[in-house]
Amino acid sequence: MRQFGVDLAAVGKSPVDGVEELLLLVIKRGDLGRRDWDNGEPTSVRPSLNEVLDVYLTKLVAPEHAALRKTIVLATTGDLKQDVETNWTGFKEQNSTRASFDFWGADRVSALIEQFMLDENLFAPSDRADLRKSLALASDSEYDFRDLNRMLLRQLGLTADGKLQMPSLDTKALQKVFRRVHLAAQICTRWAQAEGDFRQALWVSERTLLWAWHRLQLMDPGSSPSFTRPSLECGTRTRRQRRSTSM
């Protein structure tokens, strides 16, 4: 299904002025330069932005969102190169009456992850530190995600050789653990995919799935494993994406 330039749409209050707005994210990968801005391909930056303005904003905005401020966000895991900054500024000025614009580079994306996904109520300081290291090195094809693996074992209460190192958790407590593990794995897989490294994303998903499954086997026989579906979906979805990119 065509997305008409919009990779992700969301509604919420702006952290800057508190105004409720419709955020339309145009997501790209890596540093954006002149070749990425308008290279004749429909998926380059300028054609994507034009599709949002010409089609999405005029035809696809839900009636209940029509009165909201529209903000188009160009987001990438890299940065905006100097040779295209003037193009970006000119595009914003030319279309300022049609929508607001914002740019989220790697620093901004990292800050948002830090603020909203690495919440202190979800992850302990040691877990946040290991997750930060994993994200910083996710695009390195040689990185073995040892920091994420250490965090997964700590969350699951396992030693490096897979033995329990804490009293057995009840089903409710373990369910919360699996949710945190799933969130951490999804952050890392999405980050690796954004850098174009589907092999790393696959490795993270499969390692998480295997450790989670192993932890389930250490539960009391009468406990229900019905809450394992998120972890299973994590691995299955990434494998499907990996296969589709290789076809």
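Colleague: Which residue in β4 is the bridge partner of Ala75?

Modeller: Strands of a sheet pair through backbone hydrogen bonds, either parallel or antiparallel. Here the bridge partner of Ala75 in β4 is Trp104. β3 and β4 pair in the parallel sense, over five bridges; two strands count as paired if DSSP finds at least two bridges between them. Please note that this is a predicted model, in which local features need pLDDT of at least 70 and side-chain atom pairs count only at pLDDT 80 or more, while totals for chains, interfaces and linings use all residues. Residues are numbered from 1 along each chain as its sequence is written, and side-chain values use heavy atoms, with hydrogens and water left out.

Colleague: In what order do the strands form the sheet?

Modeller: Strands (E, at least two residues) and helices (H or I, at least four) are DSSP runs, numbered from the N terminus. The order in this open sheet of four strands is β1-β2-β3-β4, with mixed pairing. β1 and β4 stand at the edges with a single partner strand each, so one side of each has no neighbour in the sheet. From one strand to the next, the twist averages 25°; axes are lines fitted to C-alpha atoms, for helices over the stretch in contact, and angles run from 0 to 180 degrees between N-to-C directions.

Colleague: Which strands does α2 touch?

Modeller: Contact means heavy atoms within 4.5 Å. α2 packs on the sheet, touching β1, β2, β3 and β4, and its direction makes about 145° with that of β2. α3 lies across β3 and β4 and runs at about 155° to β4.

Colleague: Where does α2 bend?

Modeller: The bend at a residue is the angle between axes fitted to the seven residues ending there and the seven starting there. Helix α2, residues 45–60, bends by about 35° at Val52. Val52 is also one of the buried residues of α2, which include Leu49 and Tyr56. Buried means under 20% relative accessible area, exposed over 50%, and partly exposed in between (1.4 Å probe, protein chains only).

Colleague: Why do the buried residues of α5 line one face of the helix?

Modeller: An α-helix has 3.6 residues a turn, so residues three or four places apart point the same way. In α5, the buried residues are Asp127, Arg128, Asp130, Leu131, Ser134 and Leu135. Seen down the axis of α5, they fall within an arc of 165°, so they line one face; the arc is that of the directions from the helix axis to the C-beta atoms. Pro125 and Ala136, on the other side of α5, are exposed.
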